[in-house]
Amino acid sequence: MKQRNIVLAITGASGSAYAIRLAQVLLSAGHHIHLIVSGAARQVAAQELNVGIPADNAAVDEWTDFIKTALTSGIAAAWGFNKWSTEFSGTCSVHGIGDYSAGIASGSFLTGGMVICPCSMGTLSAIACGSSTNLVQRSADVHLKERRPLVLVPRETPLSLVALENMTGLSRAGATILPAMPGFYQRPACVANIVDFVVARICDHLQVEHSLMRRWGETT
Ligand SMILES: Cc1cc2nc3c(=O)[nH]c(=O)nc-3n(C[C@H](O)[C@H](O)[C@H](O)COP(=O)(O)O)c2cc1C
């Protein structure tokens, strides 16, 4: 399997668990992730997972340890996340949200795609109007202009007309709108299964191989 550069931005919508599982899948599969975390994402993760996200300038080992701890302790362990591998053959770079000198701020830096998971309505709106006021928005804009995969995982309910129109515009511009809307037809037994439903679809759209769930129509 070829290692790919994938941008993973985590913003302040509910659903930190999706991001942690996605990071685990990408790192276990040997990919290189470029991580960007918004200030609001830190607040949400503290609330939802009861974990503190490292500072942007923390050592990479501190970040990978954080992902392992978030999977294996506290609420995520109770949700069934602690059965997943924490042997990572992939690697990780972490970029400050205001660091426009990062490679991923430029179209000349090649990536296999970007995912914003979860994606807040605030970030969605900024990307829809092309404002590029932080590295998440700039990197998303780069993925649109370079016509590379950009997967947005919004979470909000109900959706205002403003949010719906932003999503329509982004879909027209080439982004994939993949809401955190798990299905239940696979009969999930635990929260981990529900999270995997969404993460599996994200991986499909990033063309990342996985075996997170049985595909509908497959017999084994
Ligand atoms: C616990 C918590 C849960 C939140 N859930 C959502 C949500 O599901 N969707 C959303 O769009 N915003 C949500 N927000 C609000 C965003 O975090 C806020 O709009 C923020 O400005 C987004 O900034 P960002 O896009 O830079 O991360 C939540 C905030 C907190 C503290």
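Modeller: Contacts first: two residues are in contact if their C-beta atoms, placed from the backbone, lie within 7 Å.

Biologist: Fine. What does C117 touch, leaving out residues up to four places away in sequence?
Modeller: C117 touches L8, I10, Y18, A19, L22, V153 and I202.

Biologist: What kind of model is this, and how is it numbered?
Modeller: This is a predicted model: local features need pLDDT of at least 70, side-chain atom pairs count only at pLDDT 80 or more, and totals for chains, interfaces and linings use all residues. Residues are numbered from 1 along each chain as its sequence is written.

Biologist: Back to the core. Which residues touch the most other members of the largest nonpolar core?
Modeller: L8, L22 and C117, out of 65 residues in that core. The largest share of this core, nine residues, comes from helix 1 (residues 16–28). A nonpolar core here is a set of buried Ala, Val, Leu, Ile, Met, Phe, Trp, Tyr and Cys residues joined through C-beta atoms within 7 Å.

Biologist: And what counts as buried?
Modeller: A residue is buried if 20 or more other C-beta atoms lie within 10 Å of its own, exposed if 12 or fewer, and partly exposed in between, with C-beta atoms placed from the backbone. Buried residues make up 40% of the 220 residues in the protein chain.

Biologist: Zoom out. How many helices and strands are there?
Modeller: Eight helices and six strands. Both are DSSP runs, numbered from the N terminus: helices are H or I with at least four residues, strands are E with at least two. Along the sequence the pattern is β-α-β-α-α-α-β-β-α-α-β-α-β-α. The radius of gyration of the protein chain is 16 Å, close to the 17 Å that the globule rule gives for 220 residues, so the chain is as compact as a globular protein of that length. That radius is taken over C-alpha atoms, and the rule is 2.2 Å times the number of residues to the power 0.38.

Biologist: What share of the contacts with a separation of 6 or more comes from residues 24 or more positions apart?
Modeller: 76% in the protein chain.

Biologist: How many bridges link strand 4 and strand 5?
Modeller: Four, in the parallel sense. M114 stands opposite L150 in strand 5. On to strand 6: two bridges join strand 5 to it, also running parallel. There, L152 has I177 as its bridge partner.

Biologist: Is strand 5 buried or exposed?
Modeller: Five of its five residues are buried, so strand 5 is largely enclosed by the rest of the structure. L150, L152 and P154 point one way, V151 and V153 the other.

Biologist: Switching to the ligand. Which residues come nearest?
Modeller: T11, G12, A13, S38 and A40, from 16 residues around the ligand. Near means that the C-beta atom, placed from the backbone, lies within 6 Å. Helix 2 (39–49) and helix 5 (121–128) each supply at least two residues of the shell. Helix 2 gives the largest share, five residues.

Biologist: What does helix 5 pack against?
Modeller: Its buried residues pack against strand 4 (113–119), helix 6 (135–145), strand 5 (150–154) and helix 7 (161–172). Those buried in helix 5 are T123, L124, A126, I127 and A128.

Biologist: Which peptide bonds are cis?
Modeller: The bond from C117 to P118 is cis, with omega near -10 degrees. P118 lies in strand 4. The bond from T157 to P158 is cis too, with omega near -10 degrees. P158 is in the loop between strand 5 and helix 7.

Biologist: What about the phi of N50?
Modeller: Positive, about 60 degrees, although N50 is not a glycine. N50 sits in the loop between helix 2 and helix 3 (60–72). With 12 C-beta neighbours inside 10 Å, N50 counts as exposed.

How values were computed
Pairing = 2+ DSSP bridges.
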